[in-house]
Amino acid sequence: MCPRCSSYKYKNTWVQEAFDDILKRGIKEAFSISPELKDVEIQTQCKEQDRILACMVFISGALENETITEQHPLTVRIRHNTCEICSREAGGYYEAILQIRTEKRTFTDKELQTIRSAVKTLVEQFQESGKRGLFITDFDEKREGLDFFISEKGTALSIAKKIQEQFGGDFKQSASSAGMKDSRQIYRMTYLVRIPAYRKGDFFSLDNSFFFIESLHANKVRALELSAWTEKVIDGKNIRPSKIYGGAELIREMIVGSQSKNEIQLMDPKTYAPVDIQKPKTASIDTTMVKTVKLDEYLFLVPEKIG
């Protein structure tokens, strides 16, 4: 048994199973059970005594419509030995570095926490799917980005792609020599995901129109055009940092005065100064307060779901 991860070595293979299941598997191989015995069941009861397990094995089954049960004493000795995966982890082994950076800005503390949590969750999902040899050896966090040192380069590539899909941006990869093994050159991979200057929830302008970013997928942005409340898919490479205004902190509530089919009159809740603006065709306003955003002296209604 590995003292670090509690996995068991069975026929030269380390497996993560319950001790009782491992023990029953060994019993089936050690005991000779007649093929005439049907519906065989094996149960064990063990007590630890002086660093060994004193067990009683109960084997039962049906023979000619009668239940037969035998019990046998069994001594189990457990030898502790660190498995290969834990030895690698303890030794700082890694095959890939996942670098996550930003474009022309720095990460906020919330973004760093969100990305770190996203990578950790992806690693756990791959581990649960059977990637027992996957682990994060180390990570380095700084304002300009995150570095994750990952044990499996193939899975690290999959994680990098999923991070790109979730947060947008560009992806690059490179290889560097890590020495020789069995007369072969070994390479470590570096996967770089450069997250763009824009973020989900940001407002930006493009081609004299103003948008709200609803979602990201790699280099594609699904955005809401604010004057008409219509959706549009935009190539993220066309969004310049100089035209990004910010996010939810720009949204302000205003009082609804009067409205017609195409226009609505709003008032500032502090000064009560009125302003008339065009309503998006799909907008249906039946509240006394609405969300708005002001971008380059233009005032827009914001759907209730935003902000």
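**Entry 1: a salt bridge between exposed partners**

I started with Glu297 and Lys294, and both are exposed. The two form a salt bridge, with their closest N and O atoms 3.8 Å apart. A reminder to myself that this is a predicted model.

**Entry 2: the other salt bridges**

I then looked up the total, and the count comes to 13 salt bridges. One of them links Glu29 to Lys11, where the closest N and O atoms are 3.3 Å apart. Glu29 sits in helix H1 (residues 19–30) and Lys11 in the loop between strands E1 (8–10) and E2 (13–15), so this pair ties together parts 18 residues apart in sequence. I checked accessibility too: Glu29 is partly exposed at 47% relative accessible area, while Lys11 counts as exposed at 58%.

Next I noted the side chains of Arg222 and Glu231, which meet in a salt bridge at 3.5 Å, N to O. Arg222 counts as partly exposed because its relative accessibility is 37%, and Glu231, at 48%, is partly exposed as well. Elsewhere, salt bridges with shared partners join Arg105, Glu111, Arg199 and Asp202 into one network.

**Entry 3: Glu214**

Is Glu214 buried or exposed? I found Glu214 in strand E12, and it counts as buried because its relative accessibility is 14%, under the 20% cut-off. Leaving out residues up to four places away in sequence, I listed what Glu214 touches: Lys200, Arg222, Ala223, Leu224, Glu231 and Lys305.

**Entry 4: helix H4**

Helix H4 covers residues 153–167, which makes 15 residues. I looked up its reach from first C-alpha to last: 21 Å, close to the 21 Å expected at 1.5 Å a residue. Which residues of H4 are buried? I wrote down Thr155, Ala156, Ile159, Ala160, Ile163, Gln164 and Phe167. The spacing made me recall that an α-helix has 3.6 residues a turn, so residues three or four places apart point the same way. The cover over the buried residues of H4 includes helix H3 (109–128) and strands E6 (96–102), E8 (145–150), E9 (170–181), E10 (184–195) and E12 (209–217). Just after H4, I saw that Gly168 takes a positive phi of about 80°.

**Entry 5: the E3–E4 hairpin**

Last, I followed strand E3 (residues 38–49) and strand E4 (residues 52–63), which pair in the antiparallel sense over 10 bridges. For Glu48, the bridge partner in E4 is Leu53. The two strands form a hairpin with two residues between them, and Asp50 in the turn has a positive phi of about 50°.

Conventions
Residues numbered from 1 in each chain as written. Predicted model: local features only at pLDDT ≥ 70, side-chain atom pairs only at ≥ 80, totals over all residues. Heavy atoms only, no water. Pairing = 2+ DSSP bridges. Helix = DSSP H or I, 4+ residues; strand = E, 2+ residues; numbered from the N terminus. Expected span 1.5 Å × (residues − 1). Buried < 20%, exposed > 50% of the residue type's maximum accessible area, 1.4 Å probe, protein only. Contact = heavy atoms within 4.5 Å. Salt bridge = Lys/Arg side-chain N within 4 Å of Asp/Glu carboxyl O.
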